[in-house]
Amino acid sequence: MDGIGIGLSVEVYRDNWGIPHLRAADPDELSFAQGRVTAVDRAWQLEVERHRAQGTTASFLGTGEAGWDTFVRRARLADTARRCFDRLDAATARWVRAYVDGVNAGLSEGADRAPEFAPTGLTPGRWEPWTPLAVWLATHILFAGMPTKLWREEVARRLGEEWTELFATDGPGTAGSNGWVVSGDRTASGAAIVAGDPHRFIEAPGVYQQIRLACPEFDVVGFAVPGVPGLPHFGHAGRVAWAITNAMADYQDLYRERLRRTADGGVEALGPEGWRPATAHVETVEVAGAEAVEIEVIETARGPVIIDADGGSGAGDGSGAGSDSDSGSDSDSDAGSWEAISLRYPPRVTGELGFGVLPALLAARTVADVDRAVDGWIEPVNVLQAADVDGGLLHRVAGYVPVRDRANSLRVVPAWEAVHAWQDGGQAPTPRADVEGHAVMANARGLAAPLGAEFAPRHRAERIAALLDGSKTWTPEAMTSVHTDTDNPSAARLLEAVRAVGSPDDPASAPLSPAALAVRARLLGWDRRMDADSVDAGLYAAVRGAVVRRVAGHPAFTALREPAPHPAVFQPWLALGPRVAFALETLLAAGPVPATDVAEIVRAALEEVASGEEPPAWGMTHRLAPWQALADTDAEAADAQWPGLGGDHDCVLSTSSVPGFTDRSGRASAARYVWDLADRDNSLWVVPFGASGVAGEAHHRDQLPLWLRGELAPVTTDWHHLTEELPRDDH
């Protein structure tokens, strides 16, 4: 890129945690520097993300990734990224190109430092200008939880229409977050504080990168998404700070398609106007250690086909589901047709991803600037909060939600019915609210309620609000007590059921054994805190797990136990056990399991736990289990290296496992932050591991002890307190 690559004015500093602080002459050169330092620090992570975004991970990671690669190819993520890049304004396109040039400049050096390249035989590839957009899409394509529509279809078909929303909850495959803004009249300094923590599947290296970006136009600290320029989610620009959570909005639709082969080998799809041509071509997914997989990539007027007739990923051959009486038809014959499911998502339809927001956020000085910038947000749909030094506060939804029939948000809908089409140019209004004292965002049904179908339980949101109400002199340091709160409100309903068993009103003929009565007494005296060292929390988890397994095994759910006929990439949303685990509160009080059977299930669970070995403290089984692209060969040793955790799915300290099946936690706080608008240097932040993605380096996991203790590292912005790196050859 002309003028970028020599970078004589680029300066790279590090703080005591190895976090890069970059300074350059202009935004484009700074974007180049961000790309380069990210490639040097996280080459392996970047290359994994690039391959994930273009559907080529199986070529070096093996058969376990073939399902993801197939989904990405069929969903046409890379092609969508190209389209969206081509529609960027010239300034944003130049800024993104500069980042890509920086990545390409640093990859070789970064790969030389990363030990994962050698055993996989992977060599650094070349990033294209559209690659960051593809990384963004791959990171967020499942954020809207559209596979839940597949689950509702299975429930309706197997259990009955009346139970379609029985399992509604924040499912096991959905990302969430906590966030809150406190106005100046409730802080010790008189200036606002923005704080929170995004909940993501924990990956090593981490999914967020602490970084500072400074040039004459702006100076911002925050969390970057490796592979993407700027600070899209969490940033503090000195005079203004912002943060987001997942709005839980529904903006992706699944269509039941009827397809047929034409005489010349092409494909047609049945739409509201009858049979119309669909695009189709064949791609090859290379698989290390196995034969390559050929897939047919089909796209109808609704969108790309992501599931074929039998739920697999192969090419449709006309031998699928055949003709159904309710599938609709026109006067043409549909003999030999087959069914499939297509995905319609905003960037594919509009050619816009909202990347113009990213440089605009960096340049923001007030909440009004942030507000204007995020008007262009497309995907994912977020709840955003911001505050500035002049007392401005912002609490709103940002993103693109299409206007269409309500049924689209709940189920897989027929492609041939015109009522399910998106309204031309129709974009749902994004709600906003005033901030009075404080505002909380935690994925619950609230501000974004008109835009979604399923939300997280209100437990985290209500608990955070209650904690914030406890003081009018909040400081950044005190905010860590909110981040780490382990009260578990969702335990209340199971504890009520435990109380009922063995009570004087219990109609059961057989009393609880003395050992089960002792378990019951301990649970009823428990403080409901999921602390890592709590043996009573461990006891509760053991009883809960036994209840979940028994509820899932009840005859009422026999029809749902057969695996759903869909690709493995969607199975986290489709397995009965996790669905029962996360909907347990509802299932204990409603649903097809009779109340008398629920009581017997709880009774049996108490007896089971009482008759076994004493459950250990919660943190002994509730251990961190991060995803790593290159898994350790010794699984037992790998598990032992990760620490025990406090918290639980519905605690503010949200550390999710799958009760009844595993206590290992794969989802937790991917970062924590406190943005102080009184003085940016009083701000705090932490990630689960460290600034370096290179195993064995000093800053690879040096923040893990802080993260485990609920502590945060200081944000340092005084250049005199940072260490300058020596200029590199290409600077």
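How many of the 10 residues of helix H3 are buried in this predicted model?

**View 1. Helix H3 and the residue that follows it.** Of the 10 residues of helix H3 (residues 66-75), 9 are buried, so the helix is largely enclosed by the rest of the structure. The buried residues of H3 are Ala66, Trp68, Asp69, Thr70, Phe71, Val72, Arg73, Arg74 and Ala75. The ring of tryptophan 68 has the charged end of arginine 52 sitting over it, 4.2 Å from the ring centre. Arginine 76 follows H3 and has a positive phi, near 65°.

View 2. Nine strands form an open sheet with mixed pairing, in the order S16-S15-S8-S7-S6-S5-S2-S1-S24. The edges are strand S16 (393-398) and strand S24 (723-724); each has a single partner strand, so one side of each is left without a neighbour in the sheet. Strands of a sheet pair through backbone hydrogen bonds, in a parallel or an antiparallel manner. Strand S15 (residues 382-388) pairs with S16 in the antiparallel sense, over 6 bridges. Leucine 384 has arginine 396 as its bridge partner in S16.

**View 3. Helices packed on the sheet.** Helix H11 (residues 367-374) packs on the sheet and touches strand S8 (240-246), S15 and S16. The direction of H11 makes about 5° with that of S16. Helix H1 (residues 27-54) lies across strand S1 (11-14), strand S2 (20-23), strand S5 (209-215) and strand S6 (218-224). Relative to S5, helix H1 runs at about 155°.

View 4. The structure holds 19 aromatic pairs. In one of these, the ring centres of tyrosine 13 and tryptophan 719 are 5.0 Å apart and the planes stand at 65°; because an angle over 60 degrees counts as edge-to-face, the pair is given that description. Tyrosine 13 belongs to strand S1, whereas tryptophan 719 lies in the loop between strand S23 (713-714) and S24, so the pair ties together parts that are 706 residues apart in sequence. Tyrosine 13 has a relative accessible area of 9% and is buried; tryptophan 719, at 16% relative accessibility, also counts as buried. The charged end of arginine 23 sits over the ring of tryptophan 719, at 4.2 Å from its centre.

View 5. Tryptophan 44 and phenylalanine 117 form an edge-to-face aromatic pair, with 5.5 Å from centre to centre and 80° between the planes. Tryptophan 44 lies in helix H1 and phenylalanine 117 in helix H6 (residues 117-120), so that the pair links distant parts of the chain, 73 residues apart. Both tryptophan 44 and phenylalanine 117 are buried. Elsewhere, ring pairs link Tyr208, Phe223, Phe234, Tyr673, Trp675 and Trp685 into a cluster.

View 6. Asparagine 104 lies in helix H5 (residues 90-113). With a relative accessible area of 18%, asparagine 104 is buried, because the cut-off is under 20%. Leaving aside residues up to four places away in sequence, asparagine 104 touches Gly125, Arg126 and Trp127. Serine 183 occupies the loop between strand S3 (176-182) and strand S4 (193-201). Serine 183 is buried, its relative accessible area being 7%. With residues up to four places away in sequence again not counted, serine 183 touches Ala192, Leu393 and Gly437.

Terms used. Residues are numbered from 1 along each chain as its sequence is written. This is a predicted model: local features need pLDDT of at least 70, side-chain atom pairs count only at pLDDT 80 or more; totals for chains, interfaces and linings use all residues. Side-chain values use heavy atoms; hydrogens and water are left out. Helices (H or I, at least four residues) and strands (E, at least two) are DSSP runs, numbered from the N terminus. Buried means under 20% relative accessible area, exposed over 50%, partly exposed in between (1.4 Å probe, protein chains only). Contact means heavy atoms within 4.5 Å. Two strands pair if DSSP finds at least two bridges between them. Axes are lines fitted to C-alpha atoms, for helices over the stretch in contact, and angles run from 0 to 180 degrees between N-to-C directions. Rings of Phe, Tyr and Trp (its six-membered ring) pair if their centres lie within 6.5 Å; planes under 30 degrees apart count as stacked, over 60 as edge-to-face and the rest as tilted. A charge sits over a ring if NZ of Lys or CZ of Arg is within 6 Å of the ring centre and within 35 degrees of the ring normal.
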